[in-house]
Amino acid sequence: MAEVVLDVQNLTKVYGERKSVDNVSFQVYAGEVFGFLGPNGAGKTTTIRMISGLASVTEGEIFIAGYSIRKNFKKAVSCLGGIIENPEMYKYMTGYDNMKYYASLYNGITEDDIWEVVKLVKMENRIHEKVKKYSLGMRQRVGIAQSLLHHPRILILDEPTNGLDPAGIHEMRDFLKMLAHERGYSVFISSHILTEMQLLCDRVGIIANGRLLAVKSMDEWTEALSDTVNLKITVDCPNRAKAVIEEEFKIDVVLNKNLINFTIAAELVQEISKTLARHEIAIMSMYTGEKSLEETFLELTSKAGTDIK
Ligand SMILES: Nc1ncnc2c1ncn2[C@@H]1O[C@H](COP(=O)(O)OP(=O)(O)OP(=O)(O)O)[C@@H](O)[C@H]1O
Ligand SMILES: [Mg+2]
């Protein structure tokens with residue numbers, strides 16, 4: 001079993017009256033890319049800010065490489081590197097001078113150390129150019145190189161592909177996988193795009209409305225999300241049908257004239273027709289539609305249900 005590098009236990013953040021992060025627990029192992037997936041406002045950045053020591057923890061515990069953020073803050077954050085907001089860089093200086101400046105903030109970082117990370121992010125040919133000439137993807141790479149300088153165990157990136165073009169996203173993906181799978185770093189990356197996580201991550205935790213729904217491998221998520229169907233049924237008394245299904249299956253039903261529309265676990269389709277028959281509601285037609293993974297994900301996270309475990 002791989003070593004646990006990040007251990008988040010029952011993490012909660014309250015802003016005013018609201019729980020922005022609600023009792024979230026998960027673990028990230030050495031050598032894996034862990035995706036933190038959720039829609040806007042789900043609580044990703046808030047969680048990441050707590051892990052990085054940039055926001056206070058309302059309740060819960062965070063351990064980085066075994067060090068508690070509360071009790072051993074300096075040691076804990078020394079094992080962590082990341083780009084939380086924008087990569088901090090002086091645009092009129094070269095990439096290399098930025099790296100040297102950043103290195104001077106720490107003790108004992110040599111020129112060899114700098115070159116090692118510059119090569120790792122494949123910036124050796126452009127590192128002597130001014131940052132203002134870099135593309136966003138190149139700035140991200142130098143930012144990541146900076147955050148690797150002090151030899152962290154885990155790299156934390158908050159939506160690093162925002163603003164990158166498809167080629168830039170592809171490069172970033174290959175590069176993050178290499179860091180995890182070949183160099184043994186833990187890579188923790190947040191995103192709101194399911195398809196992006198599918199191609200990058202070994203395991204994914206889905207967060208919605210501050211709650212972590214579950215952590216699964218991408219294959220397991222694909223299976224879990226595929227296991228629902230969308231039903232469109234025309235009936236003789238749609239209002240009553242809507243009420244019956246909502247009451248008995250605890251789901252939301254959309255009503256459009258005499259058509260009712262909802263999404264449900266595939267195994268319950270037969271139960272639906274039996275239930276309607278029991279209530280003497282006549283089915284005129286029934287259409288079962290497949291949903292894309294993305295659609296199911298959106299539905300799941302907008303309801304923030306805890307029904308997928
Ligand atoms: N400093 C703050 N004060 C009050 N509320 C906050 C603060 N920061 C975040 N929130 C609230 O916490 C919730 C979660 O926000 P957060 O930024 O963590 O979401 P996110 O998943 O990163 O979203 P996005 O995809 O838009 O970046 C939101 O409702 C937000 O309004
Ligand atoms: Mg965010």
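This is a short walk through one protein model with a ligand, going from the overall picture down to single residues.

Okay, first thing to keep in mind: what we have here is a predicted model. The average pLDDT for the protein is 89, and 96% of the residues score at least 70. The part to be careful with is residues 305–309, where the pLDDT is below 50. That stretch does have eight contacts in the model, beyond near neighbours in sequence. Still, where pLDDT is low, the predicted coordinates should not be read in detail.

Now the overall picture. The protein has 309 residues, and buried ones make up 33% of them. You'll find eleven helices and 14 strands. If you put a box around the C-alpha atoms along the principal axes, you get roughly 80 × 40 × 40 Å. And how do the contacts run along the chain? Take those between residues at least 6 apart in sequence: 71% of them join residues at least 24 apart.

The domain assignment gives domain 1 as 4–216 and domain 2 as 227–303. Their C-alpha centres lie 41 Å apart.

On to the inside. In soluble globular proteins, nonpolar side chains tend to be buried together. Here the largest nonpolar core has 62 residues, and the ones with the most contacts inside it are Ile64, Ala145, Ile154, Leu155, Val187 and Phe188. Helix α5, residues 136–148, brings the largest share of this core, five residues. There's also a second, separate core of nine residues, including Leu231, Val235, Ala241 and Ile245.

Leaving aside neighbours within four places in sequence, Leu155 touches Gly81, Gly82, Ile144, Ser147, Leu148, Leu179, Tyr185 and Val187.

Gly95 counts as buried because 26 other C-beta atoms lie within 10 Å, where 20 or more is enough. Beyond four places in sequence, the contacts of Gly95 are Met123, Arg126, Ile127, Glu129, Val131, Tyr134 and Val142. Gly95 and Gln140 are 45 residues apart in sequence, yet their C-alpha atoms are 11 Å apart in space.

Which residues are around ligand 1? They are Tyr15, Ser20, Gly38, Asn40, Gly41, Ala42, Gly43, Lys44, Thr45, Thr46 and His192. By class, that shell has two nonpolar, eight polar and one charged. Helix α1, residues 44–51, gives the most to the shell, three residues.

So what about α1 itself? This helix is largely enclosed by the rest of the structure, because six of its eight residues are buried. Those are Lys44, Thr46, Thr47, Ile48, Met50 and Ile51. Just after α1 comes Gly53, with a positive phi of about 80 degrees.

That brings me to the last topic, backbone angles. Most residues other than glycine have a negative phi. Ala65 isn't a glycine, but has a positive phi of about 50 degrees. Ala65 lies in the loop between β4, at 59–64, and β5, at 67–68. With 19 C-beta neighbours inside 10 Å, Ala65 counts as partly exposed. His151 isn't a glycine either, and has a positive phi of about 55 degrees. You'll find His151 in the loop between α5 and β7, the strand at 154–158. His151 is partly exposed as well, with 13 other C-beta atoms within 10 Å.

Notes. Residues numbered from 1 in each chain as written. Chains lettered and ligands numbered in written order. Core = buried A, V, L, I, M, F, W, Y, C linked by C-beta atoms within 7 Å. Buried ≥ 20, exposed ≤ 12 C-beta atoms within 10 Å, placed from the backbone. Helix = DSSP H or I, 4+ residues; strand = E, 2+ residues; numbered from the N terminus. Contact = placed C-beta atoms within 7 Å. Near = placed C-beta within 6 Å. Nonpolar A, V, L, I, M, F, W, Y, C, P; charged D, E, K, R; others polar. Domains from an automatic or database assignment. pLDDT = per-residue confidence, 0-100.
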